[in-house]
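Colleague: I'm new to reading protein models. Could you walk me through some features, one at a time?

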Amino acid sequence: MALISQIYVPYSRHDMNIQYKLQRYGTDKLTARSYNGMGLELKELKIQQHHGQLFHGGGKRKNSLYHKGKCNLLVVAASPPTEDVAVISEPLTKEDLVAYLASGCKPKEKWRIGTEHEKFGFQQTTLQPMKYEQISELLQGMAERFSWDKVMEGDFIIGLKQDKQSISLEPGGQFELSGAPLETLHQTCAEVNSHLYQVKAVAEEMGLGFLGIGFHPKWAVKDIPIMPKGRYDIMRNYMPKVGSLGLDMMFRTCTVQVNLDFSSEVDMVRKFRVGLALQPIATALFANSPFTEGKPNGFLSYRSHIWTDTDNNRCGMLPFVFDDTFGFNEIGIYRGILILHAVLLQDFMKGKLPSLPGEFPNLNDWENHLTTIFPEVRLKRYLEMRGADGGPWRRLCALPALWVGLLYDETSLQSALDITKDWTQEEMQMLRNKVPKMGLKTPFRDSLLRHVAEDILQLAKEGLQRRGCKESGFLNEVAEVVRTGVTPAERLLDLYHGKWANSVDPVFEELLY
């Protein structure tokens, strides 16, 4: 039996397919469940009864409502992994899980670049966070002026879609662009610039601005409005049970990440290993979150530090990726990634999950499950590089440039593997722990991380040059960081202690999009 009768509510901050079962027992209830090993409690939320189909862009979304007996399944898609939920009649096998990931393999000529970034909206007169009503008006304005399709949850507009781009809202109203898969860095940077132009055109008329930084510099969690998505209430209640900084992750962080392809199992493993080993360098180069509630917080990338105490069972450096057995196989995938959730997930696949006896997962559950794991590099049908703070627009172009230069050129990829091949798990974990505070000044072996970053940046530059697309100029923003050893966060701290006279308010102008 396919699982089409329960809601899947992971605590991912990225929008995904959400399945609703409307049960008519006098008052409708929304039953949440998670089959992962963290033991997310089953909860019931009373909701207003939804009638009819999901409207997407003013029209009825094809195949958005399924009927099974007396139960209606409403599929709400906001920045979904796939366009429509595939309802599969047969239970999944472990081979299906592996095949799903392996289906991401594609020849080099089909490799693409997908960039995502988040930003904080604020009211320009008070610097306070945008309220949902303002965000709704902003989304409505962008839809009308720039021909975006609306994504609705009930009566609430929660995002926009246009071709292969989507705009979504994080729990605290962080505005996220999930870009289309594009061929060159010129295209992805043009996409970012076009998006920022559109947002600014509507926002300025409303007295709103957007800030490019990794952690909210001024306001506390209590000051930030929660967005009207049902699962965010569940997340807000659940996160404090598994870590002390989960609510900060939800409401006060912004990131930029790039999603990249692989050609084969071997190619995936090589890129995964380089991505994990070098992710602390990306964290240092893009460190941009030194303030909390108006004062320095003791970190250069507080956003990165937050992930160390959000939920340690789902986050981290994934040492098993460096095992000889890692790959598209039962040992590598099922005993590796899934060891984070192994016991209950295996029970679920056998139809023996205590909270859902007789129910089996389908591919959409598997797809959603992957989005509830938050390592520094995440494997789906592509690889996500997740270590960088949000920042101004030039850095939104520099982050994909760094990783494309390293991972999409065979010579640079192999050189990066050669540099990191003898790094121990203890050394990589040390970098993960210390870089958020020390940046490029983190001691590493007989030198500083900055000197490793110099070599890595050169590899990225050479890789971009060999692509022949004249893309290496996008690295200029981080080249200056490597040359001086001074991270963006340290520059902000210098301004805070000097020109800004111990106030963070000027950062809203300094990093205004």
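Modeller: Let's begin with a polar contact, meaning a pair of N or O atoms within 3.5 Å; within protein, one must be able to donate a hydrogen and the other to accept it, and residues adjacent in sequence count only if both atoms are side-chain atoms. Here, a polar atom of the N362 side chain lies 2.9 Å from the backbone nitrogen of N364. Before we go on: this is a predicted model, where local features need pLDDT of at least 70 and side-chain atom pairs count only at pLDDT 80 or more, while totals for chains, interfaces and linings use all residues. Residues are numbered from 1 along each chain as its sequence is written, and side-chain values use heavy atoms, leaving out hydrogens and water.

Colleague: Where does N362 lie in the chain?

Modeller: N362 lies in the loop between α9 (342-349) and α10 (363-370). Those labels come from DSSP runs, numbered from the N terminus: helices are H or I with at least four residues, strands are E with at least two. The chain has 17 helices and 23 strands.

Colleague: And is N362 buried or exposed?

Modeller: The general idea is relative accessible area: under 20% is buried, over 50% is exposed, and in between is partly exposed (1.4 Å probe, protein chains only). N362 comes out at 0%, so it is buried. Across the chain's 513 residues, 60% count as buried.

Colleague: Next, salt bridges. How many does a search of the whole structure find?

Modeller: A salt bridge is a side-chain nitrogen of Lys or Arg within 4 Å of a carboxyl oxygen of Asp or Glu. The search of the whole structure turns up 25 of them. In one of these, the side chains of D261 and K106 meet, 3.2 Å from N to O. D261 sits in the loop between β15 (255-260) and α6 (265-285), and K106 in the loop between α1 (94-102) and β9 (113-123), so this pair ties together parts that are 155 residues apart in sequence. D261 is buried at 8% relative accessible area, while K106 is partly exposed at 24%.

Colleague: Which helix holds both E454 and R450?

Modeller: Both are in helix α14 (residues 449-467), four residues apart, about one turn of the helix.

Colleague: Which residues are linked with E384 in a network of salt bridges?

Modeller: R378, K380 and R386 are linked with E384 in that network. The R386 and E384 side chains meet at 3.9 Å, N to O, and both residues are buried.

Colleague: What does R112 touch?

Modeller: Contact means heavy atoms within 4.5 Å. Leaving aside residues up to four places away in sequence, R112 touches P181, L182, E183, N259, L260, D261 and Y408. R112 lies in the loop between α1 and β9, and its side chain reaches the backbone oxygen of E109 at 3.2 Å. The C-alpha atoms of R112 and F262 are 9.7 Å apart, although 150 residues separate the two along the chain. For the chain, among contacts between residues at least 6 apart in sequence, 74% join residues at least 24 apart.

Colleague: Last one: how many cavities of 30 Å³ or more does a search of the whole structure find?

Modeller: Rolling a probe the size of a water molecule over the atoms shows where empty space is left. On a 1 Å grid over the protein atoms alone, a cavity is a set of points where a 1.4 Å probe fits but cannot get out, and lining residues have an atom within 4 Å of a point. Points are joined across faces, edges and corners, and the volume is the space filled by probe spheres set on them. The search finds five cavities of 30 Å³ or more.

Methods:
On a 1 Å grid over the protein atoms alone, a cavity is a set of points where a 1.4 Å probe fits but cannot get out, and a pocket is an open set with protein on both sides within 12 Å along at least five of seven lines; lining residues have an atom within 4 Å of a point.
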